[in-house]
Amino acid sequence: MKRRHFLQLSTVAATTGIASLPSLVHAASALKELRLDYAYYSPTSLVLRRFGWLEEEFKADGTNIKWVLSAGSNRALEYLNANSLDIGSTAGLAALLAKANGNPIKTPYIFSRPEWTALVVRKDSAIHTLADLKGKKVAATKGTDPYLFLLRALKTAGLKRSDIEHVSLQHADGRAALEQGKVDAWAGLDPHMAASELEANSRLIYRNVAFNTYGFLNVREEFLNNHGAEVSRVLRAYEKARAWIRSNPTEAAKILSEEAKVSLPVALLQIKLRSDFSNALPSNEHIQALQVAAPILQDEGLVKPGVDLSRTIRDLVDTRFAQKLITV
């Protein structure tokens, strides 16, 4: 084993407590393939994939890097639960919902602090307030931040899920349904939401940045326990991509534009005005955000009866693993 890799393993074993050095050494030699997702709602993943930094990092080990597109948090979580992914990108509240219902994941890294969802209507819609949604068709991708944002937003207006007709569509299909008049409103997600605003003049009738939970990078618990050294190397690569985006936001927007096939103004709106890449370390800030949001999961019967959500949050958000890896 190369000295650099041995030192990485030693550091992980000493600082994270997730596995002993012997097991990490064995795991590092055994890993043939590393499976990660990329998502248009995670520009960091797009930059990392575009530049091939993970492929470069793991080339000497003979580890194949497999990239899988996640169309939404629900897809990423399905892939993680089915052992089709090792590391996947989701919204925080969606990750908590999955964890509470038995998906064995941990969150050692935050890829962004976004305002990626709001409630959207057509430019000529008579809907102007949350109260106007009563009895209307509203599209949202179940199991994602936009769907949970919708539920929380309705509650602020004294409405329940049963007061609307929910239409379950993936994010891109929700945009199309809204613009074609098949639904009255849509809980959008960038970059699709930004594109609908700029290209179809769609209107945001309700925004609340506090209801947008953070971008969580989740790892299967088994993989984190058995391959902690590799996870550390992935997070270092994510840190490289995050630093690059902060220094080159316009270039990052160009990558997003090309990957998501949206215009550059749409990508710039998402990256420059609706994404904060300043704090990647999971902390009490993220735990508290989930604690505030968690009651909606119980109120709407989305989690199994008797689940202790406070404990689930503590089990999900790993505030220790990345401490030695994140410098800014």
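Select lysine 261 to begin, in the loop between α12 (249–260) and α13, where helices (H or I, at least four residues) and strands (E, at least two) are DSSP runs, numbered from the N terminus. This is a predicted model, in which local features need pLDDT of at least 70 and side-chain atom pairs count only at pLDDT 80 or more, while totals for chains, interfaces and linings use all residues. Residues are numbered from 1 along each chain as its sequence is written, and side-chain values use heavy atoms, with hydrogens and water left out.

Lysine 261 has a phi near 55 degrees, a positive value in a residue other than glycine. With a relative accessibility of 72%, lysine 261 counts as exposed; on this scale buried means under 20% relative accessible area, exposed over 50% and partly exposed in between, for a 1.4 Å probe and protein chains only.

**From α13 to α9**

Next select helix α13 (residues 264–273) together with helix α9 (residues 192–200), whose axes come within 9 Å and cross at roughly 130 degrees. Axes here are lines fitted to C-alpha atoms, for helices over the stretch in contact, and angles run from 0 to 180 degrees between N-to-C directions. The two helices α9 and α13 are therefore oblique to each other, given that angles under 35 degrees count as roughly parallel, over 145 as roughly antiparallel, 65 to 115 as roughly perpendicular and the rest as oblique. To see where they touch, show Ala194, Ala195, Glu197, Leu198 and Glu199 in α9, which meet Pro265, Val266 and Leu269 in α13; contact means heavy atoms within 4.5 Å. By class, this contact of α9 with α13 has six nonpolar, no polar and two charged residues, where Ala, Val, Leu, Ile, Met, Phe, Trp, Tyr, Cys and Pro count as nonpolar, Asp, Glu, Lys and Arg as charged, and the others, Gly among them, as polar.

In the loop between β8 and α9 you will find proline 191, which is joined to aspartate 190 by a cis peptide bond with omega of about 5 degrees. In the loop between α9 and β9 lies asparagine 201, whose phi is near 60 degrees, a positive value in a residue other than glycine. Asparagine 201 is partly exposed, with a relative accessible area of 45%.

**The five-stranded sheet**

Now select the open sheet formed by five strands in the order β7-β6-β8-β5-β9, with mixed pairing; two strands pair if DSSP finds at least two bridges between them. Its edge strands are β7 (165–168) and β9 (203–206), each of which pairs on one side only, and the twist averages 35 degrees from one strand to the next. Strand β6 (residues 137–140) runs parallel to β7 and is joined to it by four bridges, with alanine 140 standing opposite serine 168 in β7. Helix α9 packs on this sheet, touching β5 (119–121), β8 (185–187) and β9, and its direction makes about 145 degrees with that of β8.

Within strand β8, pick out tryptophan 186, which is buried, with a relative accessible area of 1%. Leaving aside neighbours within four places in sequence, the contacts of tryptophan 186 include Leu119, Val120, Val138, His171, Arg175, His192, Met193 and Ser196.

**Strand β4 and its partners**

Move on to strand β4 (residues 105–114), of which eight of the ten residues are buried, so it is largely enclosed by the rest of the structure. Five bridges join β4 to strand β10 (residues 215–220), and these two run antiparallel; serine 112 stands opposite glycine 215 in β10. Strand β11 (residues 275–276) is also antiparallel to β4, with two bridges between them, and aspartate 276 is the bridge partner of arginine 113.

Threonine 107, also found in β4, is buried, with a relative accessible area of 0%. Not counting residues up to four places away in sequence, threonine 107 touches Phe216, Leu217, Asn218, Pro282, Leu316, Val317 and Asp318.

Finally, select helix α6 (residues 92–100), where nine of the nine residues are buried, so it is largely enclosed by the rest of the structure. Just after α6, glycine 102 takes a positive phi of about 105 degrees.
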